[in-house]
Amino acid sequence: MCCIFGLSAVSCGSSPGSSSGDSTDDISVVCTIFPEYDWVRNILGDNPGSVKLSCLTDNGADMHSYQPTTEDIMRISSCDIFIYVGGESDSWVSGVLDTAVNKDMRVLSLMDTLESSLREEELKEGMENAGAESAEIHDEAEYDEHVWLSLRNAQRICSAAAELLCEADPENAGYYQENLEGYTGKLSELDSSFSRLAQELSPERKTLIFGDRFPFRYFTEDYGFDYYAAFVGCSAETEASFSTIAFLAQKADEINAGTICVIEGSDHSIAESVADNMKTPGVTITELDSIQSVTRQDIKDGATYLSIMEKNCESLCNALEGVQEKNA
Ligand SMILES: [Zn+2]
């Protein structure tokens with residue numbers, strides 16, 4: 001076990017949506033996905049301004065296929081701050097904003113905020129369709145949307161979100177600023193701990209094998225990891241051909257991988273096939289959480305962005321320790 005991650009999960013006193021009174025003056029913040037919601041929740045702290053905070057996909061909707069209901073559109077249309085990803089999956093946003101009732105709405109797009117550090121989706125050797133889907137089919141660059149999986153990106157987005165909150169509720173600006181500093185401090189602490197660990201690894205141990213889709217590009221690039229995966233980004237594909245499985249198994253053997261990674265909700269079948277086709281014995285399967293299917297129940301049960309990222313770092317760390325033991 002790896003126990004460098006001593007941060008405890010944040011418990012947050014605010015109870016979004018249950019703000020007192022029905023005053024129409026209450027500030028409302030609408031977020032499209034859980035990480036945005038949780039970041040704002042941390043900045044709001046005890047929520048002295050009774051800000052109403054909600055998340056559109058907390059019913060378990062998949063952000064890649066989510067379309068707003070009439071009720072969602074009304075909620076967005078009249079809100080004060082709207083936070084969304086800004087990638088191909090929420091291209092519906094521009095239409096909704098065009099018809100928004102609140103013309104003074106403050107809008108935050110994660111991808112616009114991070115513009116200079118965006119990464120294109122990457123078709124890597126061995127992936128399904130890596131040969132067929134060449135540059136000529138994809139004439140336009142498709143940016144990877146999973147920007148929230150970088151702890152460094154998260155800090156920049158939190159600062160941008162706090163700025164909007166301070167503008168909308170200047171009375172509590174000092175308090176929000178304080179919460180922002182405390183929270184980004186925790187994000188930065190986890191980032192540094194994991195960074196230190198990653199630096200100790202030799203280059204050949206810094207390759208991950210994903211028997212799955214690969215939404216973790218921003219996360220792994222922060223620490224200089226390389227990867228091979230069955231599918232690009234959050235491709236809707238689920239069937240891997242034998243050549244993809246054989247390729248991943250061969251790469252995994254080359255680096256003596258002790259672990260094949262999958263993302264949350266995976267049935268592990270591709271990862272198991274990869275492990276079965278490896279020469280290396282005793283390979284385990286490790287699940288990383290891409291934080292795109294957090295439900296209302298998970299939130300009630302205390303899920304936080306920081307606790308999930310902490311778990312991801314820990315899982316990766318245990319997986320890599322496995323490699324080191326094997327190679328020792
Ligand atoms: Zn995704």
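In which sense do strand S3 and S4 pair, and over how many bridges? Strand S3 (residues 81-84) pairs with S4 in the parallel sense, over four bridges. The model is predicted.

**Four-stranded sheet**
- Four strands form an open sheet in the order S2-S1-S3-S4, and their pairing is parallel.
- Strand S2 (52-55) and strand S4 (106-109) are the edge strands, each pairing on one side only.
- From one strand to the next, the twist averages 10 degrees.
- In the pairing of S3 with S4, Tyr84 stands opposite Ser109 of S4.
- Helix H5 (residues 151-168) lies across S3 and S4 and runs at about 175 degrees to S4.

**Strands S7 and S8**
- Strand S7 (residues 259-263) and strand S8 (residues 284-288) run parallel and are joined by five bridges.
- Cys261 stands opposite Thr286 in S8.
- Between S7 and S8 the chain passes through H9, giving a right-handed β-α-β crossover.

**Helices H8 and H9**
- The axes of helix H8 (residues 242-254) and helix H9 (residues 269-276) come within 8 Å, crossing at roughly 55 degrees.
- Because of that angle, H8 is oblique to H9.
- The H8 and H9 crossing is right-handed.
- H8 contributes Ile245, Leu248, Ala249 and Ala252 to the contact, while H9 contributes Ile270, Ser273 and Val274.
- Of the residues in this contact of H8 with H9, six are nonpolar, one is polar and none is charged.

Note on methods. Residues numbered from 1 in each chain as written. Predicted model: local features only at pLDDT ≥ 70, side-chain atom pairs only at ≥ 80, totals over all residues. Axes fitted to C-alpha atoms, helices over the stretch in contact; angles between N-to-C directions. Helix = DSSP H or I, 4+ residues; strand = E, 2+ residues; numbered from the N terminus. Parallel < 35°, antiparallel > 145°, perpendicular 65-115°, else oblique. Left-handed = near helix turned anticlockwise from the far one by under 90°. Contact = placed C-beta atoms within 7 Å. Nonpolar A, V, L, I, M, F, W, Y, C, P; charged D, E, K, R; others polar. Pairing = 2+ DSSP bridges. Right-handed = clockwise from strand over helix to strand, strands pointing away.
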